Amino acid sequence: ENSMSRAREIADLIGGPTPDIILKTADGAILNLQTSDTTVTDGSVLGKINFQAPNEGSGTDSILIAASIQAEAEGTFAADNNATSVIIYTGESEAAETDGGGKFTFDSFGQLFLKNTSNADNSIPALRLETGDTDIAADDLLGRIMFNAPDEAAGTDAVANAAEINAISEGNFSSSNNATALQFATGSSGNATVKFRIASDGSLSTPTAGTSNVR
């Protein structure tokens, strides 16, 4: 009770007479989460944010930590190393970070790992790309994955879109149609152009050189 009262006092002090905390500065507020650990090793948590509904009347699983975001050391810190991953955990029917939820890891190399932490059969991670377009017409892109090197010092072609995989509609979508093709584009000089296409009927084609639905 004391800790809750203190939390509300802090909230009132920072954000006004509500339990919400608002941080505002002229150059953008910063929230620093720090550890006092003097020997950071692999797996050490540097900071963490938990999301929970502790007053949910259903009890049991419903009041456990439902999601969390934490920064975790990838190895022992040293004068030349502070490699850290940011990990997002989501719960499904148990506390986040335990069996039954998702684990999303962004590591120090810029890699993204998706994992379904359930042990059940067919518990697989999935990456879903969705468009908010409410009227899909022919040649509308539904999703795309692009590859490029925007920091390449040579500039010009070197920083152009080098490769792409995209899903493109083959016609107007309707209650009886969602025909979509997958296109694979690569670049040789300038932005990538479509070199290979898999149509909705499974047929394969090689578009005319220079053809591109990349926008």
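Reader: Which residue in S4 does Val86 stand opposite?
Author: Keep in mind that this is a predicted model. Strand S3 covers residues 84–91 and strand S4 covers residues 101–106, with six bridges joining the two in an antiparallel run. Across from Val86, the residue in S4 is Phe106.

Reader: Which strands stand at the edges of the open sheet?
Author: The sheet has five strands, paired antiparallel in the order S1-S2-S3-S4-S5. An edge strand has a single partner, so one of its sides is left without a neighbour in the sheet.

Reader: Is the aromatic pair stacked, edge-to-face or tilted?
Author: The structure holds one aromatic pair. You describe such a pair by the distance of the centres and the angle of the planes. For Phe184 and Phe196 the centres are 6.0 Å apart and the planes stand at 50°. Stacked needs under 30 degrees and edge-to-face over 60, so the pair is tilted.

Reader: How far apart in sequence are the parts that this pair ties together?
Author: Phe184 belongs to strand S8 (residues 180–186), while Phe196 belongs to strand S9 (residues 193–198). So the parts tied together by the pair are apart in sequence by twelve residues.

Reader: Is Asn166 buried or exposed?
Author: Asn166 sits in strand S7 (residues 163–169), and its side chain makes a polar contact with that of Glu164 at 3.2 Å. Its relative accessibility is 1%, and the cut-off for buried is under 20%. So Asn166 counts as buried.

Conventions:
Residues are numbered from 1 along each chain as its sequence is written. This is a predicted model: local features need pLDDT of at least 70, side-chain atom pairs count only at pLDDT 80 or more; totals for chains, interfaces and linings use all residues. Side-chain values use heavy atoms; hydrogens and water are left out. Helices (H or I, at least four residues) and strands (E, at least two) are DSSP runs, numbered from the N terminus. Buried means under 20% relative accessible area, exposed over 50%, partly exposed in between (1.4 Å probe, protein chains only). A polar contact is a pair of N or O atoms within 3.5 Å; within protein, one must be able to donate a hydrogen and the other to accept it, and residues adjacent in sequence count only if both atoms are side-chain atoms. Rings of Phe, Tyr and Trp (its six-membered ring) pair if their centres lie within 6.5 Å; planes under 30 degrees apart count as stacked, over 60 as edge-to-face and the rest as tilted. Two strands pair if DSSP finds at least two bridges between them.
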